[in-house]
Amino acid sequence: MTTITRASTADIAHCAAVVARAFEPLPQTAWLVDTPADRLAALTADFEILVEHAATHGHIDTIDDDAVAVWFHREHGKPPAPADYAARVLAATGRYADRFHALDAAFDAHHPAEPHHHLALLAVLPHRQGHGLGATLLRHHHAALDERGLAAFLEASTLDSARLYEREGYKPLGEPYALPEDGPTMWPLWRQPR
């Protein structure tokens with residue numbers, strides 16, 4: 001039986017590392033950090049900011065230290081930015097900070113205003129991918145959302161992942177959009193409660 005655990009602040013660094021390792025091969029992360037040798041460290045440091053913020057303004061579910069779902073609770077709008085956010089992103093990502101801010105701006109421009117929970121990150125370590133851990137994390141929180149009558153939103157990073165999310169009840173929310181400067185495509189998806 002798979003056990004889902006709610007992460008605590010003590011788990012932030014580990015959760016960020018899981019996300020960074022899972023996301024390292026994605027076209028979006030190559031766009032963010034175009035030097036492969038710099039990518040994992042920059043991603044890990046930036047995801048730590050995001051995961052820490054979710055611990056205050058949402059929650060993080062984990063399975064076996066190998067799978068992570070990072071949710072922001074947006075029933076009452078967008079949470080405030082983390083303290084000293086620009087300086088922290090610069091310290092985390094160095095010369096790539098402008099790309100990370102461009103990603104934030106693109107996400108903000110395509111984010112719905114209706115009350116929902118935002119799945120900011122869903123990551124499974126490479127050796128555990130394809131075993132249903134991501135779907136298990138989704139279904140766990142979807143059940144809670146359905147009980148409360150709340151929708152969910154996410155941005156899929158590939159057409160294949162968009163199709164996986166669609167199997168879990170998500171529908172396209174508007175058209176896919178490209179990140180700035182000839183960046184890769186994102187697929188915004190919305191799930192109505194059942």
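**Ground rules.** I am working with a predicted model, where local features need pLDDT of at least 70, side-chain atom pairs count only at pLDDT 80 or more, and totals for chains, interfaces and linings use all residues. I number residues from 1 along each chain as its sequence is written, and side-chain values use heavy atoms, with hydrogens and water left out.

**Helices.** I took helices (H or I, at least four residues) and strands (E, at least two) as DSSP runs, numbered from the N terminus. Helix 3 has 22 residues and reaches 31 Å from first to last C-alpha, close to the 32 Å expected at 1.5 Å a residue. I noted that the expected span is 1.5 Å times one less than the number of residues. Helix 5 (residues 97–109) has 13 residues and reaches 18 Å, close to the expected 18 Å.

I then looked up burial (buried is under 20% relative accessible area, exposed over 50%, partly exposed in between; 1.4 Å probe, protein chains only). In helix 5, I found A97, F100, L103 and A106 buried. Their cover includes helix 2 (27–32), helix 3 (36–57), helix 4 (85–93) and strand 7 (177–178). Among the buried residues of helix 3, I listed R39, D46, F47 and H53.

**H118.** I located H118 in strand 4 (residues 116–124). H118 counts as buried because its relative accessibility is 9%. Its side chain joins that of E155 in a polar contact of 3.2 Å; such a contact is a pair of N or O atoms within 3.5 Å, and within protein one must be able to donate a hydrogen and the other to accept it, while residues adjacent in sequence count only if both atoms are side-chain atoms.

**W190.** I located W190 in strand 8 (residues 185–191). W190 is at 13% relative accessibility, so it counts as buried. Its side chain makes a polar contact with the side chain of Q192 at 2.5 Å.

**Aromatic rings.** I paired rings of Phe, Tyr and Trp (its six-membered ring) with centres within 6.5 Å; planes under 30 degrees apart are stacked, over 60 edge-to-face, the rest tilted. I got two aromatic pairs. The rings of F23 and F47 are edge-to-face, because their centres are 5.6 Å apart and their planes at 90 degrees. F23 lies in helix 1 (residues 12–23) and F47 in helix 3, 24 residues apart. Y165 and Y170 are also edge-to-face, at 5.8 Å and 70 degrees. Y170 counts as buried, at 0% relative accessibility.

How values were computed: Contact means heavy atoms within 4.5 Å.
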